[in-house]
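Below is a briefing on one protein chain, grouped by topic. Please look at the sequence and the structure before reading the points.

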Amino acid sequence: DDQFKKNIQRLIGNVVMLHDSTYFYCDSAWLNRKENNFRAFSNVHIVPSDTLEIFSDSLNYDGFTKIADLYGNVMLRDNRATLTTDHLTYDRNTRIAYYNSGAVIVSDTNVLTSTIGHYYTDTKEVYFRENVVLTNPDYIMKSDTLKYNTVSKIAWFFGPSTIVGE
């Protein structure tokens, strides 16, 4: 345990860290340079690109794998959609955000919910699985598996689906 404490640097108050081209902001952090990782706490804000931001209550980040695990009041926002969930993993290598404990994505007038999802932030495509519901002013669609493009607003169904509307 003393070895753990020896390698940890505590950062407190308006913390700003840069890893490669990504800025990380938070109120406090535990930085481990030897292990190339950190834990961030309170008002966590990541800026992976000029069109993508991620917010959360806390974060675990591995500098070797470039994978961020975000917890509590997670919100991923880009210029096409907003995703909210309690736990999100963001892979900076692939630029894919994924969740498996449920999320809501709002894209224009479409609201999509599912248990599992992968958001490809480069192509603006989201792959939804389990308990997928797409709510739109004109209809409600339920499916097992769905792909949705936040630019074209086109949905593809890949399993049993039900659409209720006029």
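K147 has W156 in β13 as its bridge partner. The model is a predicted one, in which local features need pLDDT of at least 70 and side-chain atom pairs count only at pLDDT 80 or more, while totals for chains, interfaces and linings use all residues. Residues are numbered from 1 along each chain as its sequence is written, and side-chain values use heavy atoms, with hydrogens and water left out. Helices (H or I, at least four residues) and strands (E, at least two) are DSSP runs, numbered from the N terminus. Two strands pair if DSSP finds at least two bridges between them.

- Strands β12 and β13 (residues 155–157) are antiparallel and share three bridges.
- Five residues lie between β12 and β13 in their hairpin, and K153 in the turn has a positive phi of about 60°.
- K147 also lies over the face of W156, at 4.3 Å from the ring centre. A charge counts as over a ring if NZ of Lys or CZ of Arg is within 6 Å of the ring centre and within 35 degrees of the ring normal.
- On β11 (residues 125–136), ten bridges connect the strand to β12 in the antiparallel sense.
- The hairpin of β11 and β12 has two residues between the strands, and N136 stands opposite Y139 in β12.
- Strand β14 (residues 161–165) runs antiparallel to β12, with five bridges between them; M141 has I163 in β14 as its bridge partner.

**Residue K142**

- K142 belongs to strand β12 (residues 139–149).
- Apart from neighbours within four places in sequence, K142 has contacts with V132, V133, P160, S161 and T162. Contact means heavy atoms within 4.5 Å.
- Between the C-alpha atoms of K142 and T113 the separation is 9.6 Å, and the two residues are 29 residues apart along the chain.

**Strand β6 and its partners**

- Strand β5 (residues 67–78) and β6 are antiparallel and joined by nine bridges.
- Three residues form the link in the hairpin that joins β5 to β6, and V74 is opposite T85 in β6.
- Four bridges pair β6 with strand β8 (residues 103–107) in the antiparallel sense; T84 is opposite V104 in β8.
- Three bridges pair β6 with β7, also in the antiparallel sense, and Y90 is opposite A97 in β7.
- The hairpin of β6 and β7 has four residues between the strands, and R95 there takes a positive phi near 60°.

**Residue R92**

- R92 is placed in the loop between β6 (82–91) and β7 (96–99).
- With 12% relative accessibility, R92 counts as buried. Buried means under 20% relative accessible area, exposed over 50%, and partly exposed in between (1.4 Å probe, protein chains only).
- The side chains of R92 and Y61 are joined by a polar contact of 2.6 Å. A polar contact is a pair of N or O atoms within 3.5 Å; within protein, one must be able to donate a hydrogen and the other to accept it, and residues adjacent in sequence count only if both atoms are side-chain atoms.
- Beyond its neighbours within four places in sequence, R92 has contacts that include H19, D20, F24, Y61 and K66.

**Aromatic pairs**

- There are six aromatic pairs in the structure. Rings of Phe, Tyr and Trp (its six-membered ring) pair if their centres lie within 6.5 Å; planes under 30 degrees apart count as stacked, over 60 as edge-to-face and the rest as tilted.
- The pair of Y23 and Y25 is stacked, because the ring centres are 6.2 Å apart and the planes are at 20°.
- Y23 is partly exposed at a relative accessible area of 37%, and Y25 counts as partly exposed at 30% relative accessibility.
- F24 and Y61 make a tilted pair, 4.7 Å centre to centre with 50° between the planes.
- This pair links distant parts of the chain, with F24 in strand β2 (residues 22–32) and Y61 in strand β4 (residues 52–62), 37 residues apart.
- F24 is buried at 2% relative accessibility, and Y61 is buried with a relative accessible area of 3%.
- F24, F38 and Y61 are linked by ring pairs into a cluster.

**The whole chain**

- The protein chain has one helix and 14 strands.
- Of the 166 residues in the protein chain, 39% are buried.
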